[in-house]
Amino acid sequence: MRESASGDLGAAETAELVVEGASKSYGRAESSRRGASERRVALGAVDLRVQRGRFVSVIGPSGCGKSTLLRMIAGLEHPDAGSVSIFGSTPAEASEAKRIAFMPQVPALLPWLSVLDNVKIVDRVNRRANRRRDALRRGPESAGFAAGAGAASGARTGLALAPEADPVALLTELGLGDSLKLLPGELSGGMQQRVAIARAFATQGDVLLMDEPFSALDEFTRESTQDQLLKLWEEWRTTVVFVTHSVTEAVVLSDEVVVMAGGRGEPGRIAAIVPIELPRPRRRGLLEAAAVHEYEDRIRAELQTARRPPGSAE
Ligand SMILES: Nc1ncnc2c1ncn2[C@@H]1O[C@H](COP(=O)(O)OP(=O)(O)OP(=O)(O)O)[C@@H](O)[C@H]1O
């Protein structure tokens, strides 16, 4: 596990990302003209605990609330009830201190910037956060602006402040060392996703949230990109929450697979958590096929069970 810049966890910092009783509904609360409420419960009261440094995948049928859960952890959605704690901080505090990296399905690279500049942009866009972070490293009294609300909240929450990663080294590690000057339009889909991975790791956040990042890739590219991600993750041990529809992908990458149920009118809920005890370092070629299949079968069975409404007989 990567240690915080201060060497260990701060006073207010915890070793877990905790989602507690978090629920989320969409739509209008008042009744429509036809008399029925248009409010839909996307997530019921969801509880989830992720240990620092773990790789956790979330899998479940379409509409069960996987992305909603991820967006709540990212602070992009607020739960109607319940709470989210990122190692003791609120999602807003964690994202202000650049501790959350979010990677959507589409790489969202800036088309006019080179590969290298697309990774470096993390630093430019977050210059304000960087200044605050540097000031926090030196102590709250060391800079004029350090007495501001952000610095105060950082000190209060004991946020660990990570150093920046070297974008060139990251891109080289992801096999893009020869493509630094290319534009995104000159890259394949797999290469674009690897730039997005480099950008996500470049933030050196404590949590990396990935929403079906490889779903648009062909099978071969998907597998090699998974291997690249595994290699990087094994080095950095960032806490990852990874949404996927692929059972195999979830098994190959994860320490734990969270199986969700719901959707189609049912509130999303966590139906099961399956620990994956395959040895690391993991690479596709190194994994024992029978062991992978066993986990795949177990998760498929959990998904089948989860399709039945809660309380229904087999
Ligand atoms: N911004 C929104 N406004 C209204 N309804 C929403 C919104 N976001 C999600 N929903 C609804 O909440 C439910 C859960 O959606 P969510 O995208 O979290 O599911 P998901 O499991 O990620 O689905 P998929 O696997 O298809 O991406 C769905 O019924 C969806 O229609």
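Predicted model: local features only at pLDDT ≥ 70, side-chain atom pairs only at ≥ 80, totals over all residues.
Two elements, β2 (40-51) and α1 (66-74), each supply at least two residues of the shell around the ligand.

**Around the ligand**
- With three residues, α1 gives the most to the shell.
- The shell residues divide into three nonpolar, six polar and two charged.
- Among the residues around the ligand are Tyr 26, Arg 40 and Ala 42, and also Lys 66, Ser 67 and Thr 68.

**Helix α7**
- Helix α7 covers residues 189-202, and its 14 residues reach 20 Å from the first C-alpha to the last, close to the 20 Å expected.
- Twelve of the 14 residues of α7 are buried, so this helix is largely enclosed by the rest of the structure.
- The buried residues include Met 191, Arg 194, Ile 197 and Phe 201.
- Just after α7, Gln 204 takes a positive phi of about 50°.

**Backbone details in the loops**
- Lys 98 lies in the loop between α2 (91-96) and β5 (100-103), and has a positive phi of about 60° although it is not a glycine.
- Lys 98 is buried, because 23 other C-beta atoms lie within 10 Å and 20 or more are enough to count as buried.
- Glu 212, in the loop between β6 (207-211) and α8 (219-236), also is not a glycine, yet has a positive phi of about 45°.
- Glu 212 counts as partly exposed, with 19 C-beta neighbours inside 10 Å.

Conventions: Residues numbered from 1 in each chain as written. Helix = DSSP H or I, 4+ residues; strand = E, 2+ residues; numbered from the N terminus. Expected span 1.5 Å × (residues − 1). Near = placed C-beta within 6 Å. Nonpolar A, V, L, I, M, F, W, Y, C, P; charged D, E, K, R; others polar.
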